[in-house]
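Hi there,

Here is the structure I promised to pass along. Have a look at it first, and my notes on what turned up are just below.

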Amino acid sequence: MWNAVEDRWEQVPPGTKATSKVVFDFSKYFQSVWHDGQPIEMADVLYGLAATFERVYDPDKRQIEFVLAATGKPQLDVFRGFRVLDDNRIEVYLDYWHFDKSYIASYANVSELVIPWEIQAASDELVFERGLAAYSNSSAARYNVPWLSLAEKSGGTLVNRMLKDFAREQYLPKGVFTVNGKTYATTEDAQARYAAAIEWFKEKGHMVISNGPFTLERYDPPAQYAELKAFRDPTYPFKPGDWYRERPADIVFENVDTTSDTVKITLSGPGELELRYLAIDPRSGAVEASGVATRTSADEFEVNLDSETLKRFRSGNVELLFLAISDELSLVKEYKVFQ
């Protein structure tokens, strides 16, 4: 886990307890490259984790970017530790639970691999060490420095100068890239990354280096213009159609029979179906009756209304609203009946 106070990684202490554990497998990331051609590596994950926690818990950095620290602390306070399992996977422990496991995974992802570690490091140096820029508008106004935008030439120029300083000094962030005796970034790796980013800025005029199927070619805020270019590197792990999911089957009200004293409804749809009903006064919005319909078969239901509610429905003073749900769908299907 990252110890921001002592500036080093350490094993999760024995006996550490947490509500949830999430394992992130970055193998698809690590088989590909950043837009400037440099490989995406565990070093990018490690720096992202370290920088995220330092911005919140380091007292000096917290004072500089107070808004970011204040808004980030409630989320980071629930984390209990991180453990590098191998070259592709990292384990996250946190005191957060949700009945939908994807919410837990989303909450646990605090190192999102949006930009390479060297761009983050140069930006952090500008903001926290040299005081030449700010991450938030509030800090920019307080310290009278520019807000750091990697998409604009002014911000890109600052980062470019910082990278040139890093290259000249053969800089490598301390205490970040070595975990359990294994080093995930060397001075030689860093030099290659600095050179690639500097060349990128020379060609593009901005420092938005990321990953994914498109690169930012040009950005002109006054003209409200942005140009994207398809990124078709052979290492990119996805192809068109990989993320397509067919439209889920829908719940259909096949028949609603209100001619008898017992309202009969026939549904069709995937999974186990359930039907609920509301009897509503359309003028006041008051709910006069509600409940769960009686299942008579897998897709047939009945609703027995009391005589007064049924009488008011027949006279047009009450409308019936049916809500159909399935254990395989996250959607609710509505059907309204009125005389």
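**Pockets, strands and one threonine**

The lining of the largest pocket draws at least two residues from each of helix 2 (42-57), helix 4 (66-76) and helix 6 (117-129). Please keep in mind as you read that this is a predicted model.

That largest pocket has a volume of about 630 Å³. It is lined by 22 residues, and those closest to its centre are Thr52, Arg55, Val110, Glu112 and Gln120. Sorted by class, the lining of the largest pocket comes to 11 nonpolar, eight polar and three charged residues.

The second largest pocket holds about 310 Å³ of space. Helix 2 and helix 6 turn up here too, each giving at least two residues to the lining of the second largest pocket. Its lining consists of 15 residues, with Tyr47, Glu54, Lys61, Tyr171 and Pro173 lying nearest the centre. What is the make-up of the lining of the second largest pocket by class? There are seven nonpolar and eight charged residues, and no polar ones.

Now to the strands. Strand 16 (residues 319-326) is mostly covered, with six of its eight residues buried. On one side of the pairing list is strand 12 (residues 273-280), which runs antiparallel to strand 16 and is joined to it by eight bridges. Strand 16 also pairs with strand 17 (residues 333-337), again in the antiparallel sense, over five bridges.

In strand 16, Leu321 is the bridge partner of Leu278, and in strand 17 the bridge partner of Leu321 is Lys336.

Is Thr215 buried or exposed? Its relative accessible area is 5%, so Thr215 counts as buried, the cut-off being under 20%. The side chain of Thr215 makes a polar contact with the side chain of Glu217, at 3.1 Å. Setting aside neighbours within four places in sequence, Thr215 is in contact with His35, Trp200, Glu227, Leu228, Lys229 and Phe231.

Happy to talk any of this over once you have had a look.

Best wishes

Key:
Residues are numbered from 1 along each chain as its sequence is written. This is a predicted model: local features need pLDDT of at least 70, side-chain atom pairs count only at pLDDT 80 or more; totals for chains, interfaces and linings use all residues. Side-chain values use heavy atoms; hydrogens and water are left out. Buried means under 20% relative accessible area, exposed over 50%, partly exposed in between (1.4 Å probe, protein chains only). A polar contact is a pair of N or O atoms within 3.5 Å; within protein, one must be able to donate a hydrogen and the other to accept it, and residues adjacent in sequence count only if both atoms are side-chain atoms. Contact means heavy atoms within 4.5 Å. On a 1 Å grid over the protein atoms alone, a cavity is a set of points where a 1.4 Å probe fits but cannot get out, and a pocket is an open set with protein on both sides within 12 Å along at least five of seven lines; lining residues have an atom within 4 Å of a point. Grid points are joined across faces, edges and corners, and a volume is the space filled by probe spheres set on the points. Helices (H or I, at least four residues) and strands (E, at least two) are DSSP runs, numbered from the N terminus. Ala, Val, Leu, Ile, Met, Phe, Trp, Tyr, Cys and Pro count as nonpolar, Asp, Glu, Lys and Arg as charged, and the others, Gly among them, as polar. Two strands pair if DSSP finds at least two bridges between them.
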